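Trainee: I am new to this structure. Could you show me how to read its features, one at a time?

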Protein chains: 4
Amino acid sequence: MKANFGKKEGEYSRLVSKSSNKLLNSLWEKKQIPEEGWSEHTLDLFLSWLSSHDTNNRVDMIPVGAGEREGRVLTPLVQRLHSNLTHGIGRSGNLLEIQPKALGSSMLACLSNEFAKHALHLLGLHAVKSCIVVPLCTGMSLSLCMTSWRRRRPKAKYVVWLRIDQKSSLKSIYHAGFEPIIVEPIRDRDSLITDVETVNRIIEQRGEEILCVMTTTSCFAPRSPDNVEAISAICAAHDVPHLVNNAYGLQSEETIRKIAAAHECGRVDAVVQSLDKNFQVPVGGAVIAAFKQNHIQSIAQSYPGRASSVPSRDLVLTLLYQGQSAFLEPFGKQKQMFLKMRRKLISFAENIGECVYEVPENEISSAMTLSTIPPAKQTLFGSILFAKGITGARVVTSSQSKTTIEGCEFINFGSHTTEQHGGYLNIACSVGMTDHELEELFTRLTSSYAKFVRELAKEDERINSSGR
Amino acid sequence: MKANFGKKEGEYSRLVSKSSNKLLNSLWEKKQIPEEGWSEHTLDLFLSWLSSHDTNNRVDMIPVGAGEREGRVLTPLVQRLHSNLTHGIGRSGNLLEIQPKALGSSMLACLSNEFAKHALHLLGLHAVKSCIVVPLCTGMSLSLCMTSWRRRRPKAKYVVWLRIDQKSSLKSIYHAGFEPIIVEPIRDRDSLITDVETVNRIIEQRGEEILCVMTTTSCFAPRSPDNVEAISAICAAHDVPHLVNNAYGLQSEETIRKIAAAHECGRVDAVVQSLDKNFQVPVGGAVIAAFKQNHIQSIAQSYPGRASSVPSRDLVLTLLYQGQSAFLEPFGKQKQMFLKMRRKLISFAENIGECVYEVPENEISSAMTLSTIPPAKQTLFGSILFAKGITGARVVTSSQSKTTIEGCEFINFGSHTTEQHGGYLNIACSVGMTDHELEELFTRLTSSYAKFVRELAKEDERINSSGR
Amino acid sequence: MKANFGKKEGEYSRLVSKSSNKLLNSLWEKKQIPEEGWSEHTLDLFLSWLSSHDTNNRVDMIPVGAGEREGRVLTPLVQRLHSNLTHGIGRSGNLLEIQPKALGSSMLACLSNEFAKHALHLLGLHAVKSCIVVPLCTGMSLSLCMTSWRRRRPKAKYVVWLRIDQKSSLKSIYHAGFEPIIVEPIRDRDSLITDVETVNRIIEQRGEEILCVMTTTSCFAPRSPDNVEAISAICAAHDVPHLVNNAYGLQSEETIRKIAAAHECGRVDAVVQSLDKNFQVPVGGAVIAAFKQNHIQSIAQSYPGRASSVPSRDLVLTLLYQGQSAFLEPFGKQKQMFLKMRRKLISFAENIGECVYEVPENEISSAMTLSTIPPAKQTLFGSILFAKGITGARVVTSSQSKTTIEGCEFINFGSHTTEQHGGYLNIACSVGMTDHELEELFTRLTSSYAKFVRELAKEDERINSSGR
Amino acid sequence: MKANFGKKEGEYSRLVSKSSNKLLNSLWEKKQIPEEGWSEHTLDLFLSWLSSHDTNNRVDMIPVGAGEREGRVLTPLVQRLHSNLTHGIGRSGNLLEIQPKALGSSMLACLSNEFAKHALHLLGLHAVKSCIVVPLCTGMSLSLCMTSWRRRRPKAKYVVWLRIDQKSSLKSIYHAGFEPIIVEPIRDRDSLITDVETVNRIIEQRGEEILCVMTTTSCFAPRSPDNVEAISAICAAHDVPHLVNNAYGLQSEETIRKIAAAHECGRVDAVVQSLDKNFQVPVGGAVIAAFKQNHIQSIAQSYPGRASSVPSRDLVLTLLYQGQSAFLEPFGKQKQMFLKMRRKLISFAENIGECVYEVPENEISSAMTLSTIPPAKQTLFGSILFAKGITGARVVTSSQSKTTIEGCEFINFGSHTTEQHGGYLNIACSVGMTDHELEELFTRLTSSYAKFVRELAKEDERINSSGR
């Protein structure tokens, strides 16, 4: 039965529609992260509005598809997990092009690129001119950058690669059709730092044969973030592109400051960062940032097809949900948590007769020596930690043996250097870590270590007694 | 208040848990598309079970993350749109490796690869030995294949490319660091077919400089699917890899038969197909199939990082939802619908004084001449169809002008040939098209054409009268 | 990076917003089931729009709650399962009142009432003037009607109740504070039909002591739907309200015809039907229909509080999803399926030496005799069917023992009559039953019966042999 | 392609299934709110598991429905919003009975009843023996209690009702078929308190004609929660049932203490509380608590049908999500917030020349005089607050006029007393209110008041000048 809806209700309803339209249109006009975060209801409203722009969701007429790809989705559950946005982003041959069938998905892509730029500005990279969110891992994104520079440097065969013992970084070079010239880091007290001299020499010698220098700003201690300022100056001096692998470096204020400085004093062509590691979204995307508008355009053009819109969607939803006000919070929190973790680790190390490497520029990862554990048992200690529900903690042992990756041989792979050491434990404090988690980490670390040592002792006893 | 739950209810509950476990374990053991499709409830059960295998969803202990990437997701809505599977697939440097932190995501990846293989077997590609689902578009997947072959053919610089006027296909070659040797199709009555002779000659001449030959099996009429059998024989004879771009070719029985024959009589190294175009899932993934187990292994190893699990998830959910019984239905339906569309198009063409190209091997796309529309007005006709809610219908005009893509010049880009023609309209019948849609398509086509012709006539009148 | 969104995209976006607004406003204006069903995307749009009208979802300002109930929901999952509509419907003391805090929920309630009326019109109850959807079971809804009539008939103590062996029907009378005068049905060949004479006599004798007569139109065979026309004439003649329990009677064309006729030739004050049984929504709601506007108003006013909006939501979503075009389909289908079931049951009965009762007016439930099964074993047969996954099939045995419900004693409860019989099996064909299900039902029935008979035989043998 | 899943992964997978089963079985065994809250993932797991117990979700065989109600749901969206639990709770005629078709839904109902009891214990009502969650508003639940006591007190016609100006409370009495004997509160300084003497006298006089006394423990100031201890002693002395309307009283420690004391020193037959107001779930349910096991059983039996499982589900999900550890938090927080609100209100009142009533026993609602606003303008002030986004704040004016509800006449309805006063503003602090909200409330209150006063002044000026 009809309730008595009257003039007042009608007016309110018009106000509601007006407010919604205003909110959405204003978002689209500004293309900026809103100041205050949005509620889940508002996110629903946003997704409904956006997906209405894709032709297969038209409400004013039944769409008829006469092409080979019309966003048809068979399974209702799958449809829903994509919020009816099924066309992907980009158009054959350019990730930035508007797809006429899928204006909503194209708007989503555009918003994600603009939001990413806004986020980098908020974090301190004010000079960034343009960003693109790609549904690719960091390695593929590095590869895409290198690929897009090929035509510019027709004689290039090599990429100067500052050794970082992570497979995907190295592979990204081969994937793009180049070969690495490997520069080992040098030891500076506890830290492993960039061998700037060698890079300079190589570039002077090889010049046009070099496609770019790839530096890395986020890494496991005791490796330090690379000296991007110095490399940037060298690249500028010799007109060689500079590619920064900043995988999870947005978490570190110091790293951001250094990248900004590197741009000011020299040359940075593209900075690549993982979406999941910095923005707390699921794995699957990266954001490529550039200090010139056209740098991104050429990268977008080198992607050969249409791509998933999911990473773009996840980033946009997350930044809408946070708003500017809450966006910086987890980064500030990470800084505090890292210091707390460091203090706790130093104290734990002291108790057990170990020490923590001093790597002042690495504000994410720490390394504690494992000198009291026989090298042959160190890996076992790592797997005990994993069994205790601690993920990401990583035992690095030292070894003279060779590891071959894509045809390159590495001694002591995993340690970022051929130099031998006594073994160490890496733990990192990433954005999103909670106080409770940190407490729990040290509780488990302590008890696991105690148990491990007791068992080692028992074993020794057995060996000793059986050895008699 | 407690109801009187007794022995009977307890037994039934144990039976329920047992049935669920049996279903899921048996799926995992067999890694095959089940015979009957699963309900949404069962899909929920499956997703809950799977995500329980990722460390951050452990129910027996609170997981503690001490690494740089722990599947942390900030926004509840995003978490939910990923069904708590947030770690992605693969491990730094190999898409097929198991991620210890994310066993559930790894199992999902494995299931998607096995399901893809099973699906291809059901469709008739019985000799396929191995498949991988990648969260990449078709172009990127082609590129990944080429990249993975680089080390095997160190002298290779070129890819023999049978002209297909689609940017992403061409770009995939450049993206991988090679250059195309372009072979134009030749005219055979209405069809544009593979110039086998020329391919043979090039391969004889260039030998080791050729990385591979790339053929295309799904395309817009009047281009015919390539003669993969002949090319495959040539490739086998000269020991050159053969890469098949089968973007949306799984829809065509004839194409599948030809790929199977090509493998039998010669050499096919990898066959790449789009997920969304063949399996009715959202844009974002592709499946690469090979007739040898190790071919896929080396492709998987060349991906430099961890990747989104979304396309794998979408494929698995869709195939579980369909089951074997319903899986083949839409393909059979496409065949019928294509014949129906063809008949209707011929009849429509006759009515308006046009004709439909005879391209017997193309079972997906048709082309109708537009000789009665002045070339200068043809594009307008296309945009009228789009405005009427018809997506994917595509007007192709003929032109002498050049289009430059990645430095290559093409005359008459869009027509797959430099040959001039009188303009035509492409419409395709893809998997998922419904009877209702087809009816509606011709209703709108007929009325749009009538209106368009009337307006052309009026305009002519105006011009004539003003011209007097 | 910004894509080149231009004038064309801006125009299309405005068109999109306009179309959405038009669709939603037009729905609200007409308050009618749309002709064509809506897609899931459009349902999302509708829910987002609706929930925007509740104050706690305002997007233009942050709402501040200063009352004792503000729609606060703690758990995100719960919030989502309610699509952000958390205020319920109605206002302290009237289900039809608009809740100022929750205009969206109030609109939803209004739409559900109007849709229910529209649906009844489409089904043939054209004279219905007003409906209300209540989040109550059928029994409670009957009770609510009786309660609302109390003031009108201050001397009333009794409800004339035409025996139907279903507890909730009887209890609804006691719940409302009245007592039943029980009238047993009379046997007419196979059917149990209304004893019109007795009803007439009681009403003549008791007059104002009678609150109303309650008839039942949907029941298990061999009970027939009540003779609502005759009762309606009696009620009109003596000015006694007539309450129709039409729990799942909307499925039967014949029942609808009879209710319409009863209204024309006499008096029907309210007709109550279950939502889940007729409209394929989850259990939890009912719709009360009346042929006069003010009848519903007074029922709505007697509900003492605010109520769940879930049944209203489920009905509205379902009718939007179906549209008028598909709404009648399942009802037509039920009719065919019932005839098919009947034919199959007759054939099955013949094969095993049983027969099916002829109850021509019951178009939903059938009953087959179980004369070949010893009475003591009949219940066992029923539980075997349940174990085979057949739900709803019901074995009715005959018994002289008494069952007491709310103080009333019944002989042979479950059979709708004290008359003894040889036992029978009830199966029903409800709306939503599929062909596949029907086939499967008879397959399992046949095999279960065969197995049951074999085991009975074996048992007899054992008894016989042990008896020697 | 198959990844190399080995023994280790197999073991982990078995561990995962074991952990899940253990968690769920242990929950079911204990039927207690878990100590730690569950994640959304675990809630999904729980819902999947539960719904697997309903026959129509069986995974081991295809269920066949042969009844009139089989949980069929037409619309996928509706199915999903019910997490596949569509059968409702209870069985024709008893809310506590197990529904054989729907064991999962029955388990859910059972868990909700046990969780409710556990929650009341945690809050301090340790003597509660049994609870039932009903999908009914508070008023209907009160009515259900009264209905269930009818048979026990066959001569009862009246309910002694301590005036509380809320329609649903009064209506619940009429709904159950009784009439109220209204007892006005008496003034004790600022508070309106229970007139214990009068209640005692009425019960002495009327005895068996009284069904029960209904007290109210949560109300708007200046009405005080009723003196349940004194009434309880009277009821015990005269053997009259005592029904406590504790709608949102669980929020107040003092109220809980008093109900516990009332039970100890006298007689409390049932205590009814709203789910949404106390547990932060959507509107639609209530929990009835009793200090004797069989009290609830007879209430459950008087519900005439099967009911929605949604309120039970919402409660269970919420309590699982919170866990015991977080469950008490919002209640503690409410206490602090109420004191803060009170301080702020007193300070605001002082500033504008008003005062706040001293009602020490009311720990939820406060009332501030509005003596400085002319009575005729007070309502306007209320609607201005609403327009500013403040919901729930309520202006109460004084009036000599009569309001008729269900035939009863009230003078000054809304004030809980016929006594005249100068008008006041009610604001409440309910569970879930946040600091931010409180701040915002006073900011808006202050600015709205200032604006309102300015406009009153202007208006006065106009009147004065025009009056000259």
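Mentor: Start with one pair. C:I390 has D:V64 as its bridge partner in β1(D). The strands involved are β12 (residues 390–391) of chain C and β1 (residues 64–65) of chain D, which pair in the parallel sense over 2 bridges. Strands pair if DSSP finds at least two bridges between them. Helices (H or I, at least four residues) and strands (E, at least two) are DSSP runs, numbered from the N terminus.

Trainee: What kind of model is this, and how are residues and chains labelled?

Mentor: It is a predicted model, where local features need pLDDT of at least 70 and side-chain atom pairs pLDDT 80 or more, while totals for chains, interfaces and linings use all residues. Residues are numbered from 1 along each chain as its sequence is written, chains are lettered from A and ligands numbered from 1 in the order written, and side-chain values use heavy atoms, with hydrogens and water left out.

Trainee: By what turn can chain D be laid on chain C?

Mentor: Two copies of a chain are related by a rotation about an axis and a shift along it. Here the turn is 180°, the shift along the axis is 0.0 Å and the RMSD is 0.0 Å. That is the relation of a two-fold axis. The same surface serves both: 99% of the contact residues of chain D recur in chain C.

Trainee: What area is buried between chain D and chain C?

Mentor: The size of an interface is often given as the accessible area lost when the parts come together. The sum is over both parts, with a 1.4 Å probe. Here about 8200 Å² is buried, and carbon and sulfur atoms give 58% of that. D:V64, D:E68 and D:R72 lose the most area on the chain D side, together 10% of what that side buries.

Trainee: How many salt bridges cross the interface of chain D and chain C?

Mentor: The rule needs a side-chain nitrogen of Lys or Arg within 4 Å of a carboxyl oxygen of Asp or Glu. It finds 10 salt bridges there. One of them joins D:E437 and C:R72 at 2.8 Å, N to O. Helix α12 (residues 310–327) gives the largest share of chain D's side, 7 residues.

Trainee: Which peptide bond is cis in chain C?

Mentor: Most residues other than glycine have a negative phi, and most peptide bonds are trans. The bond from C:A221 to C:P222 is cis, with omega near 10°. C:P222 lies in the loop between β7 (210–216) and α8 (228–238) of chain C. In chain D, the bond from D:A221 to D:P222 is cis too, with omega near 5°.

Definitions and conventions: Least-squares fit on C-alpha atoms with pLDDT ≥ 70 in both. Contact = heavy atoms within 4.5 Å. Buried area = accessible area lost by both parts, 1.4 Å probe.
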